Amino acid sequence: MSDKTPEAPKIEFPCQYPIKIICSAGDGVVEQVLAVVRRHDAALDADQLVVQDSKNGRFQSLRLVMTATGEQQLQQLHTDLKATGHVHMVL
């Protein structure tokens, strides 16, 4: 048996990268989140955005596909989204 654990598959950049963002529901929150994502992908197609409200209406999930250019871009996007104060989770 080998002591090595298998490595996660590497992502080849640039690529189309799906993201799901869980955020608080509220006026202007979706627009604010989209503005952050657009700073990292100016060519983002917002027509592909899918917004779903939670059962009690406190949260929203946003699903979109962006062009990812590297791990650093994705890490910075995550940091910037969390800095909005509205984003609870980025998947």
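Is glutamine 73 buried or exposed? I opened the notebook with that residue, working from a predicted model.

**Entry 1: burial.** I looked up the relative accessible area of glutamine 73 and found 11%. Buried means under 20%, so I put glutamine 73 down as buried.

**Entry 2: place.** I then checked where the residue sits in the fold. Glutamine 73 belongs to helix H2, which runs over residues 71-82.

**Entry 3: polar contacts.** I followed the side chain of glutamine 73 next. One of its polar atoms lies 2.6 Å from the backbone oxygen of histidine 40. The side chain also reaches the backbone oxygen of threonine 67, at 3.4 Å.

**Entry 4: other contacts.** I left aside the neighbours within four places in sequence and listed what glutamine 73 still touches. The list reads His40, Met66, Thr67 and Ala68.

**Entry 5: who meets whom.** Which residues does H1 bring to H2? I wrote down Val33, Val36, Val37, Arg39 and His40 from H1. On the H2 side they meet Gln73, Gln76, Leu77, Asp80 and Leu81. I sorted the residues of this contact into five nonpolar, three polar and two charged.

Key. Residues are numbered from 1 along each chain as its sequence is written. This is a predicted model: local features need pLDDT of at least 70, side-chain atom pairs count only at pLDDT 80 or more; totals for chains, interfaces and linings use all residues. Side-chain values use heavy atoms; hydrogens and water are left out. Helices (H or I, at least four residues) and strands (E, at least two) are DSSP runs, numbered from the N terminus. Buried means under 20% relative accessible area, exposed over 50%, partly exposed in between (1.4 Å probe, protein chains only). A polar contact is a pair of N or O atoms within 3.5 Å; within protein, one must be able to donate a hydrogen and the other to accept it, and residues adjacent in sequence count only if both atoms are side-chain atoms. Contact means heavy atoms within 4.5 Å. Ala, Val, Leu, Ile, Met, Phe, Trp, Tyr, Cys and Pro count as nonpolar, Asp, Glu, Lys and Arg as charged, and the others, Gly among them, as polar.
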